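Good morning. Please look at the model first.

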Amino acid sequence: MQTTLAEFVKSREEKGELEAILRSCVHCGFCNATCPTYLLSGNELEGPRGRIYLLKQMLEGEPVGKATQQHLDHCLSCGACETTCPSGVNYGRLLDLGREMVDEQVPLSFFRQIIRGLMLGIFPYKRRFNGLLTFARVFRFCLPATLKNRVRPKKSVKPWPQRLHDRRVLVLPGCVQPALSPEIDVAAAHVLDKLGISLIAVDDSPCCGALNYHLSAHEKAKQLARNNIDVCWPYLEDGVEAIIMTSSGCGVMLKDYASLLQYESEYAEKARLFSNKVKDISEILVREDLAVFDGENKRIAFQSPCTLQHGLKLNGVVEGILQRCAYVLVPVRDGHLCCGSAGVYSLLQPAISAQLKHNKLGALQQQQPSLIATSNIGCLMHLQDAAELEVMHWLVLLDGE
Ligand code: SF4
Ligand code: SF4
């Protein structure tokens, strides 16, 4: 696509990237076929091709308004369009960079500013989020039904395994998962322990930065990325095998540090090495002998999060592991479509999110499995508030809880 960037874009360090991405799109429209928001609305501007066109107009200096901002905000950043695109267009990077520029030109509504401020001021900070959750648990009885289902009573978790193995991997606990579902990383530690691998939790690591990045707070996201690299660096120098993630949403962000910090002379190389070490835990387990796990032919549905299948490109990996462990996976139609969770999207765009959740649960429950397994805390919380079946993390399932 012929592109002439505006002067304000030419002064940015990402100008070459932006131009290359815009030029790689040939406007074929194949991506619309797998875009959840296009499929719901039928509106070209609610699909990736339309959004790329809107971003191109903005980057070429045409005035942008609320309508453009809204079409971009409706995007789930699910990545289904990138999986479908035959030209390899890096839509996600274009959206993230472009949305920040649109937000600089079009002020957010007062309501959105308040919501955004609260999210950025609380969610990425473990103590603040813990405090909010404790408060919400105390007053759970007077919460609306949708929130009540998300604010579950605190679970007791078994202790972390004590054995020390020669093989060691790190886990970054993240910001909300330890408070909402501490059993997930404990299950990961036990699963790995059974395979002769020690899991070391880096408890002083901050949030991965995904929330800040996707809400156009890029500088803060970069700061969190640098902090994470700094706290993990001594372990990497000490020879840990990998940095594993038990939440595919955070995994995608950590993998993106190489791209996020590519223009920083002090961190670019470190970020590249760091991102190379980041693995979804399924990438470790898939290479191991899994005979110790027995699913006893339990029929389950697996919800493959967008971050796992489109972001990390690990479609079918967890499913294969579960099948090797004697679980029977029921077919799930439209498995490539987002469930509507998408980080904080369900809070910012409740109507679209609710429709996608309804569709996803219909597909997951259609074959009457005994439970739903997933690999991302956001999808888990989002689905469980309306599911008829139990929704759990696949590692908790594997660990036999
Ligand atoms: S993003 Fe890819 S699939 Fe979509 S219109 Fe552009 S080239 Fe075609
Ligand atoms: S990221 Fe998802 S919602 Fe956004 S344009 Fe691509 S397919 Fe559509």
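One definition to begin: Ala, Val, Leu, Ile, Met, Phe, Trp, Tyr, Cys and Pro count as nonpolar, Asp, Glu, Lys and Arg as charged, and the others, Gly among them, as polar. By that scheme, the shell around ligand 1 holds eleven nonpolar residues, three polar and one charged. The shell has 15 residues, and Cys25, Cys28, Cys31, Cys85 and Val89 come nearest; to be near, a residue needs its C-beta atom, placed from the backbone, within 6 Å of the molecule. Helix H4, residues 48–59, gives the most to this shell, with three residues.

Some housekeeping. This is a predicted model, where local features need pLDDT of at least 70 and side-chain atom pairs count only at pLDDT 80 or more, while totals for chains, interfaces and linings use all residues. Residues are numbered from 1 along each chain as its sequence is written, with chains lettered from A and ligands numbered from 1 in the order in which they are written.

Now the whole chain. It has 24 helices and eight strands; these are DSSP runs numbered from the N terminus, helices being H or I with at least four residues and strands E with at least two. Of the 401 residues, 45% count as buried. Buried means 20 or more other C-beta atoms within 10 Å of the residue's own, exposed means 12 or fewer, and partly exposed is in between, with C-beta atoms placed from the backbone.

What is the size of the largest nonpolar core? It has 111 residues, and Ala188, Ile244, Tyr257, Cys338 and Leu395 have the most contacts inside it. Such a core is a set of buried Ala, Val, Leu, Ile, Met, Phe, Trp, Tyr and Cys residues joined through C-beta atoms within 7 Å. Helix H12, residues 183–194, gives the most to this core, with seven residues.

Next, Met119, which lies in helix H8, residues 110–122. Met119 is partly exposed, because 18 other C-beta atoms lie within 10 Å. Leaving aside neighbours within four places in sequence, Met119 is in contact with Leu211, Leu215 and Val344; contact means C-beta atoms, placed from the backbone, within 7 Å. Met119 and Val344 are 225 residues apart along the chain, yet their C-alpha atoms are separated by 8.4 Å.

Between domain 2 and domain 4, the contact takes five residues from each.

Terms used
Contact = placed C-beta atoms within 7 Å.
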